[in-house]
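Hi everyone, thanks for making time. I'd like to walk you through one structure today, so let me put it up on the screen.

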Amino acid sequence: MLLYNHEQKLKNYLDDSENWNSFAFFKTKLLEMIYEYFADLSFEIHLPFLLEHQELYDKNELSFLYDLLGLSKLRKYDESAIEILQNAKSLAVILNIPGWLELIDYHLIISYLRFMQPAKALMLFDECGHDFQEAGAHRRILDLRFSQARCLGM
């Protein structure tokens, strides 16, 4: 009974989303940042803190974190977005989550085109389009085809 009590206390401690020493705290912060990104709020203030403690995230969450960081840099026309999205992609290759790698490739295509590197974008179109087709992501396919036409026109 005593061991169970200590295990329960430890579990409660680690699951407390207000305790900055717990995994739950960082998972909660990641979810808050994702919400702020999609709600067009200033989510970038959380990024340095989350990246400072990146060892507390698994590779899936870390890939997602780098993808959001890359997109935030892309919004600001910062060329470091490409390198950050490539980090997200390298983690996604390890994870092999269906659809995730293609979404990062899509973000890379947008980055390459924004920073006038169409040759790098050309390599990603076919695979990305095929995977979007399998997923039924028709709006993304349309966006991808417009980007491909823009790329070929550069």
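Let me start with a question: which element gives the largest share of the lining of the largest pocket? Keep that in mind while I sketch the background. One caution before anything else: this is a predicted model.

First, the overall picture. The chain has nine helices and zero strands. Reading from the N terminus, you go α-α-α-α-α-α-α-α-α. There are 154 residues in the chain, and 40% of them are buried. If you take the contacts between residues at least 6 apart in sequence, 49% join residues at least 24 apart. As for the surface, the chain exposes about 9400 Å², with 58% of that supplied by carbon and sulfur atoms.

The volume of the largest pocket is about 170 Å³. Helix 5, helix 6 and helix 8, which spans 125-135, are the elements that give two or more residues to its lining. And here is the reply to my opening question: helix 8 provides the largest share, with four residues.

The lining of the largest pocket counts 13 residues in total, and those nearest the centre are Ile97, Pro98, Gly99, Glu102 and Asp131.

Let me finish with the backbone, since I know some of you like to check torsions. As a reminder, most residues other than glycine have a negative phi. You'll find Tyrosine 77 in the loop that links helix 4 (59-75) with helix 5 (80-95). Is Tyrosine 77 buried or exposed? Tyrosine 77 is exposed, with a relative accessible area of 57%.

Methionine 116 is another residue other than glycine with a positive phi, in this case near 55°. Methionine 116 sits in the loop between helix 6 (100-114) and helix 7 (118-122). With a relative accessible area of 58%, Methionine 116 is exposed.

Technical notes
Residues are numbered from 1 along each chain as its sequence is written. This is a predicted model: local features need pLDDT of at least 70, side-chain atom pairs count only at pLDDT 80 or more; totals for chains, interfaces and linings use all residues. Side-chain values use heavy atoms; hydrogens and water are left out. Buried means under 20% relative accessible area, exposed over 50%, partly exposed in between (1.4 Å probe, protein chains only). Contact means heavy atoms within 4.5 Å. Accessible areas come from the Shrake-Rupley method with a 1.4 Å probe; for residues, only the protein chains shown count as cover. On a 1 Å grid over the protein atoms alone, a cavity is a set of points where a 1.4 Å probe fits but cannot get out, and a pocket is an open set with protein on both sides within 12 Å along at least five of seven lines; lining residues have an atom within 4 Å of a point. Grid points are joined across faces, edges and corners, and a volume is the space filled by probe spheres set on the points.
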